[in-house]
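Please open the model in a viewer and follow the stops below in order. Each stop names a selection and then describes what is found there.

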Amino acid sequence: ASAVSRVLPGAVIVDPLNWAMHERLPQILPAGMKPEAAFDDDQLVSTLFHEVVEKAAECDIVISNLPTASMGSAVELWEAKKAQRLVLTVSPLKQNWLIRSVTDYNFEDLPELERDLSRVLTRFGVRTGKRCSPFI
């Protein structure tokens with residue numbers, strides 16, 4: 001998030017887990033249910049999952065750190081790509097089919113993201129300093 005804030009200083013950064021747990025869950029949690037019990041409720045988990053995936057498709061840029069394969073992240077990236085969003089990944093999994101198919105640019109590691117994010121965004125026509133909504 002720090003690299004994004006540095007390169008896109010007005011960006012509204014959406015962290016999917018933070019959004020789900022701290023913004024959305026309190027709105028849909030049934031009265032009397034403790035937040036930690038929500039993940040035992042299939043309907044709540046399904047609702048949160050679908051809404052997080054929708055959120056990814058609404059953001060301007062999706063940046064996903066994938067040190068290992070993740071089914072949830074795969075769905076987010078797929079939907080973001082279908083919505084014609086810019087998809088950036090940070091992953092050593094260069095041969096992974098999802099990364100090869102939906103990623104506009106893959107950074108091999110976080111230091112490369114920190115170093116080259118501005119250059120990569122410029123390459124894709126994103127004006128640094130512009131307000132946008134990245135999903136990280």
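Begin by selecting Arg-119, which is partly exposed, with a relative accessible area of 44% (buried means under 20%, exposed over 50%, partly exposed in between; 1.4 Å probe, protein chains only). The model is predicted, so local features need pLDDT of at least 70 and side-chain atom pairs pLDDT 80 or more, while totals for chains, interfaces and linings use all residues. Residues are numbered from 1 along each chain as its sequence is written, and side-chain values use heavy atoms, with hydrogens and water left out.

Asp-116 counts as buried at 13% relative accessibility. Arg-115 also forms a salt bridge with Asp-116 (3.3 Å, N to O), and shared partners join Arg-115, Asp-116 and Arg-119 into one network.

Next, select Arg-24 and Glu-51, whose side chains form a salt bridge (2.3 Å, N to O). Arg-24 belongs to helix H2 (residues 16-28) and Glu-51 to helix H3 (residues 42-58), so the pair ties together parts 27 residues apart in sequence. Both Arg-24 and Glu-51 are buried.

Finally, select helix H4, where Ser-73, Glu-76, Leu-77 and Ala-80 are the buried residues. The face turned away from the buried side of H4 carries the exposed residues Met-71 and Lys-82.

Note on methods
Helices (H or I, at least four residues) and strands (E, at least two) are DSSP runs, numbered from the N terminus. A salt bridge is a side-chain nitrogen of Lys or Arg within 4 Å of a carboxyl oxygen of Asp or Glu.
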